[in-house]
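Please open the model in your viewer and keep the selection panel at hand. The stops below are meant to be followed in order.

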Amino acid sequence: MEINANKRGEITFLSLKGKLDSVTSPNLEDKLLRLIDDDNYNFIIDCAELDYISSAGLRVLLVGAKKVKAKDGKIKLANLKRHIKEVFEIAGFTAIFELYDTTEAAEASFGS
Amino acid sequence: METKEKYILQVKSKTENLAKVRDFIREIGSNERISSEITDKLVLAVDEACTNIMRHAYHHRNDQDIILKVEVKQGKVVVTITDFGEGFDPQTVPDPDMPTYMKQRRVGGLGLHLIRALMDKVEYQTIPNNYNRLVLQKNYN
């Protein structure tokens, strides 16, 4: 799993590459929680190169979503591959996370 | 039953082996010409089942056995996963409700919820002090 982060304005962009499972999700959790501790509360996670997600990955996103919610922030996701999007739907996570087709659309939604 | 339709994998209960388990299922999917859509669901359900075994049946002990047996017959894939750890009663694990999930402190039951949603049939049998057996069935075609 490769995780890249950069900040533009009030939004922190994370891009995920590879597989998010029980082995790799602690890396994302560390990174995400550290960023939240450093006062980043609005995130766009680019999943264009995310090939796989299990409940371990979903759980980390949920932990992050709860933390930023307490600070009126949001985690939004963009560019999910079809089979990844399906996992979000099956898990009921579309009720918690906003999913966008592009990072630009996700970014625009923060402004509105 | 023809042996060519039967696949067996035995792994130790360490999370690093989840990739091996996923590759095993993916290879069967490709051998048996099962669509990637069905294979993706099987891969995830089996990953979740093995993760649950490592965490709950074996309590993170990483030198215990997990045995996977896969049979492909008459338009269905049947995966039987056996472990020798602590059993549980699936009925005590309710499907999570997302709006309340956000408010809960602890986040559990998600793996089992996914397994139930991804598979066509899920059966669990526990023989105390002996073994636990999870049977996952996915229909295709």
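The tour goes from the whole complex to each chain, then to the contact between them.

**Conventions**

This is a predicted model, in which local features need pLDDT of at least 70 and side-chain atom pairs count only at pLDDT 80 or more, while totals for chains, interfaces and linings use all residues. Residues are numbered from 1 along each chain as its sequence is written, chains are lettered from A and ligands numbered from 1 in the order in which they are written, and side-chain values use heavy atoms, with hydrogens and water left out.

**Whole complex**

Show both chains. The predictor assigns the complex an ipTM of 0.90 and a pTM of 0.91. The average for chain B is 91, and 91% of its residues score at least 70. Where pLDDT is low, the predicted coordinates should not be read in detail.

**Chain A**

Select chain A and switch to cartoon. Four helices and five strands make up its secondary structure; helices (H or I, at least four residues) and strands (E, at least two) are DSSP runs, numbered from the N terminus. Traced from the N terminus, the order in chain A is β-β-α-β-α-β-α-β-α. The C-alpha atoms of chain A fill a box of roughly 30 × 25 × 25 Å along the principal axes. For 112 residues, a compact globule would have a radius of gyration near 13 Å, and the 13 Å of chain A agrees. That radius is taken over C-alpha atoms, and the globule rule is 2.2 Å times the number of residues to the power 0.38.

**Chain B**

Select chain B next. Chain B also has four helices and five strands, in the order β-α-α-β-β-α-α-β-β from the N terminus. Its C-alpha atoms fill a box of roughly 45 × 35 × 25 Å along the principal axes.

Now show the side chains of K12(B) and D65(B), which form a salt bridge with an N to O distance of 2.8 Å. K12(B) is in strand β1 (residues 6-12) and D65(B) in strand β2 (residues 65-73), so the pair ties together parts of chain B that are 53 residues apart in sequence. A salt bridge here is a side-chain nitrogen of Lys or Arg within 4 Å of a carboxyl oxygen of Asp or Glu.

**The interface**

Select the residues in contact (heavy atoms within 4.5 Å). The selection holds 25 residues from chain B and 24 residues from chain A.

Which salt bridge can be shown for R22(B)? R22(B) pairs with D21(A), the closest N and O atoms being 2.8 Å apart.

Finally, colour the side of chain B that touches chain A by element. Helices α1 (18-31), α2 (36-57), α3 (98-101) and α4 (110-118) of chain B each supply at least two residues to that side. The most come from α2(B), with nine residues.

Definitions and conventions:
pLDDT = per-residue confidence, 0-100.
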